[in-house]
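Biologist: Hi! Please walk me through this one, and give me your cut-offs as you go.

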Amino acid sequence: MTEKNGLSLEAELITGDRPHSQTVIYFHGGGLLYGKKDDLDPSYIQQFLDADYNLLLVDYRLAPETKLPEIYEDVEDAILWFYQSAEKTLGLPNRHFALFGRSSGAFFIPSCCG
């Protein structure tokens, strides 16, 4: 996806057998201090796929090395990247999405997009 301050921020798109028309963008938990994009239990991933959603797992920089405004920037950049890349780069039928996060990942949703 991108690199910031020497850190690679990755994203992983999971579509199952075929791309669906809606995508859930997932932000991991970890108190802003730890965590990574692929910490979501496989049973949750399967539930999203069974409900006809794609799942985009994204990383963001962590504290204390990164301050909160820059972490917000990573979240906003991930959403913007998805919106700009969904159809042409990722091969999805559209760019419709919903946001989902656990713990500190859920903290971003009303802050960045409310």
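Modeller: Happy to. Exposure first: buried means under 20% relative accessible area, exposed means over 50%, and partly exposed is in between, using a 1.4 Å probe and protein chains only. This is a predicted model, so local features need pLDDT of at least 70 and side-chain atom pairs count only at pLDDT 80 or more, while totals for chains, interfaces and linings use all residues. Residues are numbered from 1 along each chain as its sequence is written, and side-chain values use heavy atoms, leaving out hydrogens and water.

Biologist: Good. In what order do the strands of the open sheet run?

Modeller: A note on labels first: helices (H or I, at least four residues) and strands (E, at least two) are DSSP runs numbered from the N terminus, and two strands pair if DSSP finds at least two bridges between them. With that, four strands make an open sheet in the order S3-S5-S4-S6, with mixed pairing. S3 (11-14) and S6 (97-101) are at the edges with a single partner strand each, so one side of each has no neighbour in the sheet. From one strand to the next, the twist averages 20°.

Biologist: How many bridges join S4 to S6?

Modeller: Five, and S4 (residues 22-27) and S6 run parallel. As an example, tyrosine 26 has phenylalanine 100 in S6 as its bridge partner.

Biologist: And which strands does H1 lie across?

Modeller: Two conventions there: contact means heavy atoms within 4.5 Å, and axes are lines fitted to C-alpha atoms, for helices over the stretch in contact, with angles from 0 to 180 degrees between N-to-C directions. H1 (residues 42-50) lies across S3, S4, S5 (53-58) and S6, at about 140° to S5. H2 (residues 68-85) also packs on the sheet, where it touches S3, S4, S5 and S6, and its direction makes about 160° with that of S4.

Biologist: How far does H2 reach from its first C-alpha to its last?

Modeller: H2 spans 25 Å with its 18 residues, close to the expected 26 Å; the expected span is 1.5 Å times one less than the number of residues.

Biologist: Which residues of H2 are buried?

Modeller: Ile71, Tyr72, Asp74, Val75, Ala78, Ile79, Phe82 and Ser85.

Biologist: That leads me to the packing. Which residues have the most contacts inside the largest nonpolar core?

Modeller: By nonpolar core I mean a set of buried Ala, Val, Leu, Ile, Met, Phe, Trp, Tyr and Cys residues joined through side-chain atoms within 4.5 Å. The largest has 16 residues, and Ile25, Phe27 and Phe108 have the most contacts inside it. S4, S5 and H2 are the elements giving two or more residues to this core, and H2 provides the largest share, with six. Another core lies apart from it, with nine residues, including Tyr26, Ile45, Leu49 and Leu57.

Biologist: Switching to charges: how many salt bridges are there?

Modeller: Four, where a salt bridge is a side-chain nitrogen of Lys or Arg within 4 Å of a carboxyl oxygen of Asp or Glu. In one of them, glutamate 12 meets lysine 37 at 3.6 Å, N to O. That pair joins distant parts of the chain, 25 residues apart: glutamate 12 sits in S3 and lysine 37 in the loop between S4 and H1.

Biologist: Lysine 37, buried or exposed?

Modeller: Lysine 37 is buried, at 14% relative accessible area, whereas glutamate 12 is partly exposed at 32%.

Biologist: What does aspartate 39 meet in a salt bridge?

Modeller: Arginine 102, at 3.4 Å, N to O. The two are 63 residues apart, with aspartate 39 in the loop between S4 and H1 and arginine 102 in the loop between S6 and H3 (104-113). Aspartate 39 is partly exposed at 29%, and arginine 102 is partly exposed at 30%.

Biologist: And which residues are linked in a network of salt bridges?

Modeller: Arg61, Glu73 and Asp74. Within it, the side chains of arginine 61 and glutamate 73 meet at 3.6 Å, N to O. Arginine 61 is in the loop between S5 and H2, 12 residues from glutamate 73 in H2. Arginine 61 is buried at 4%, while glutamate 73 is partly exposed at 35%.

Biologist: Last one: what is threonine 15 in contact with, leaving aside neighbours within four places in sequence?

Modeller: His20, Leu49, Asn54 and Leu92. Threonine 15 is in the loop between S3 and S4 and is buried, with 19% relative accessible area.
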